[in-house]
Amino acid sequence: MEAPSITVSPQKRKSDALDPPAKKSCTSEGHGSAVAAHYNELQECGLKERSQSRIFYLRNFNNWMKSALIGEFLDRVRQKNRRNITVLDLGCGKGGDLLKWKKGRIDKLVCTDIAEVSVQQCEQRYSDMKARNHREYTFEAEFVTADATKELLFEKLTNPDLTFDICSCQFVYHYSFETYEQADTMLRNACERLCPGGYFIGTTPDGFELVKRLEASDTNSFGNDVYSVTFQEKGNYPLFGCQYDFKLEGVVNVPEFLVYFPVLVEMAKKYKMKLIYKRTFKEFFEEKVKNDEQKMLLRKMQALEQYPSAPNSTLVSNNEEDYEHARNLKESGKAKLPLGTLSKSEWDATSSSFWICLSEFYSQRP
């Protein structure tokens, strides 16, 4: 798969029936405690440290993708003449999307995550943001620590009857596919409290792509200098509980579970939902980069690396092959320099995911 390059200014089977499968023996807490512990122990780092990271541009690129997705679906909600937009951030982490919701001019945000320390940091970020912008309107917010794969969120809300226009679940849903019951509870939390015509949007690793790369490998793992994915075995991919270990340099090192997307779509029907939108990262990038406003946002967020590098600076990768696609484009003379790109290793890491959006199937609940 070819890595993205644009000209910029510097800066295994389908389930026939989805009845719950026989429960597998496992610890009472499952892997949720390991995920919570990992993110609770993950240290905050400053802008200077992040800018020196090998995956600085990859993280910014993913952030830009989320900004574009969130902006698109906030526009869709407003086209329905909705006012007082309420959002559920399911798996909010440390609050990386708070500013996106502020720019989106929403009215209420509920942030929830399994990691208590992350929720506390998210709440502090919100308070800091509100203090910095005390002369501007900032949405109301509520913060909940909970395992959304095992607990019902509405029971923990200040207003248990609260409904949402959007549920955003970014790089989180795959943790729930440890068991059918957990995946179903997560989906219930995401969809049950949506308003008629509301949206469930998010990202999850592409199970088909992960298995494809695994089967092409000589071992039970694959990856590069940026990321690695290690399965317990090859050739056996159950619908639930298919564990793999994912490592992303300096950011993630936790067990995840394969998501078989057709099963997710089928399960969503239980909550009156249907799939209306799905794009790979590559497709989404190629679609959005045609928009001048999004191209400007790419530059502002430093979501692509400058090639050739600016004077007195170096590329994030020392491997020349990582920039072969950009070098070929440069030598062809078909693009204005400098180029904006990601190294091949970074693009390979991010291209195993895709966007999902599930929308209410019925105009109103029965």
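This is a predicted model: local features need pLDDT of at least 70, side-chain atom pairs count only at pLDDT 80 or more; totals for chains, interfaces and linings use all residues.
Two packed helices are described by the angle between their axes and the distance between the axes. Sorted by class, the contact of H3 with H9 comprises eight nonpolar residues, one polar residue and two charged residues.

The axis of H3 also comes within 10 Å of the axis of helix H10, residues 292-300, and here the two axes cross at roughly 145°. This crossing is right-handed, and its contact is formed by Trp64, Ser67 and Ala68 from H3 together with Gln294, Leu297 and Leu298 from H10. Four of the residues in the contact of H3 with H10 are nonpolar and two are polar, while none is charged.

In soluble globular proteins, nonpolar side chains tend to be buried together. The largest nonpolar core of the model holds 60 residues, and the members that touch the most other members are Leu90, Tyr173, Phe177, Leu187, Phe200, Phe231 and Leu248. When residues up to four places away in sequence are not counted, Leu187 touches Tyr173, Glu192, Phe200, Leu264, Met267, Ala268 and Tyr271.

Most residues other than glycine have a negative phi, and most peptide bonds are trans. Against this background, the bond joining Tyr307 and Pro308 is cis, with omega about -10°, and Pro308 is located in the loop between strand E12 and helix H11. A cis peptide bond also runs from Leu337 to Pro338, with omega near 0°, and Pro338 is placed in the loop between H11 and strand E13.

Positive phi values occur at Arg105, where phi is near 55°, and at Asn312, where phi is near 65°. Arg105 belongs to the loop between helix H4 and strand E3, whereas Asn312 belongs to the loop between E12 and H11. Arg105 has a relative accessible area of 56% and is therefore exposed, and Asn312, with a relative accessible area of 86%, is likewise exposed.

Notes. Residues are numbered from 1 along each chain as its sequence is written. Side-chain values use heavy atoms; hydrogens and water are left out. Axes are lines fitted to C-alpha atoms, for helices over the stretch in contact, and angles run from 0 to 180 degrees between N-to-C directions. Helices (H or I, at least four residues) and strands (E, at least two) are DSSP runs, numbered from the N terminus. A crossing is left-handed if the near helix is turned anticlockwise from the far one by less than a right angle, and right-handed if clockwise. Contact means heavy atoms within 4.5 Å. Ala, Val, Leu, Ile, Met, Phe, Trp, Tyr, Cys and Pro count as nonpolar, Asp, Glu, Lys and Arg as charged, and the others, Gly among them, as polar. A nonpolar core is a set of buried Ala, Val, Leu, Ile, Met, Phe, Trp, Tyr and Cys residues joined through side-chain atoms within 4.5 Å. Buried means under 20% relative accessible area, exposed over 50%, partly exposed in between (1.4 Å probe, protein chains only).
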